[in-house]
Structures are given as structure tokens and as C-alpha cells.
Amino acid sequence: YNLLGEGWALSLDQFVSIFKEATALQETYNFSDDQLCKLFYAFDTDQNGLVDALEAIATIGIMSGKKN
């Protein structure tokens, strides 16, 4: 977060950039821009256009228990 964002939050462009540059993720999942946008908005729980560290941790925790 500190490397790309100012403070502890990421914009949509920064969020997408992280996933696009994470080679292992791209090789395994090959996310489309549309999928990454949907993922960003799933993480942006307060709908302020930023994903902060707490939203990221909480969303990963919730999604890790998802059955589907």
C-alpha cells in the first residue's frame, strides 16, 4: 500500500496495476480488466473509490471462507 498509494488506500488504477504486475497471478488466473474492476468494488466496502488496508484484510478474510 505505501509503495503505490498515498496513505493506506489504493485507487482502482493502483489496484488493477498490482494484479497486472503480479506475474504469478496473471499466469494462473489471467484476470480481465472487467474482473479486476468487479473485484475492486467487492473490496471497496464503503464505496469511497479507494480500497484501504482494513477493507482488503476484511474482504480476504470473508472470501477465504466462501464455499463457491
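**Group meeting: a walk through the model**

Okay, let's start with Gln 47, which sits in the loop between H3 and E2. Those labels are DSSP runs numbered from the N terminus: helices are H or I with at least four residues, and strands are E with at least two. Before I go on, this is a predicted model, where local features need pLDDT of at least 70, side-chain atom pairs count only at pLDDT 80 or more, and totals for chains, interfaces and linings use all residues. Residues are numbered from 1 along each chain as its sequence is written, and side-chain values use heavy atoms, with hydrogens and water left out.

Back to Gln 47: phi there is near 55 degrees, a positive value in a residue other than glycine. Why mention that? Because most residues other than glycine have a negative phi. Gln 47 counts as exposed, at 71% relative accessibility. Exposed means over 50% relative accessible area, buried means under 20%, and partly exposed is in between, using a 1.4 Å probe and protein chains only. Asn 30, in the loop between H2 and H3, also has a positive phi, near 45 degrees, and at 55% it counts as exposed.

Now, Asp 44. This one is in the loop between H3 and E2. Asp 44 is buried yet has no salt bridge, and the nearest side chain of opposite charge, Lys 38, is 16 Å away. For charges, Lys and Arg count as positive and Asp and Glu as negative, while His and the chain ends are not counted. A salt bridge needs a side-chain nitrogen of Lys or Arg within 4 Å of a carboxyl oxygen of Asp or Glu. So what does the side chain of Asp 44 have a polar atom 3.3 Å from? The backbone nitrogen of Asn 48. That's a polar contact: N or O atoms within 3.5 Å, where within protein one must be able to donate a hydrogen and the other to accept it, and residues adjacent in sequence count only if both atoms are side-chain atoms.

Asp 52 is in strand E2, residues 51-52, and is partly exposed at 24%. Its side chain reaches the backbone nitrogen of Leu 54 at 3.1 Å, and a polar atom of that side chain lies 2.8 Å from the backbone nitrogen of Glu 55.

On to helix H1, residues 12-21. Which of its residues are buried? Phe 15, Val 16 and Phe 19. They cover an arc of only 95 degrees around the axis, which puts them on the same side of H1; the arc is that of the directions from the helix axis to the C-beta atoms. The face turned away from that buried side carries the exposed residues Asp 13 and Glu 21.

Last topic: rings. How many aromatic pairs does a search of the whole structure find? Six. Rings of Phe, Tyr and Trp (its six-membered ring) pair if their centres lie within 6.5 Å; planes under 30 degrees apart are stacked, over 60 edge-to-face, and the rest tilted. Phe 15 and Phe 40 are edge-to-face, 5.4 Å centre to centre with 70 degrees between the planes. Phe 15 lies in H1 and Phe 40 in H3, so the pair ties together parts 25 residues apart in sequence. Phe 19 and Phe 31 are edge-to-face as well, at 5.9 Å and 85 degrees, and both are buried. Ring pairs link Phe 15, Phe 19, Tyr 29, Phe 31, Phe 40, Tyr 41 and Phe 43 into a cluster. That's my tour, thanks!
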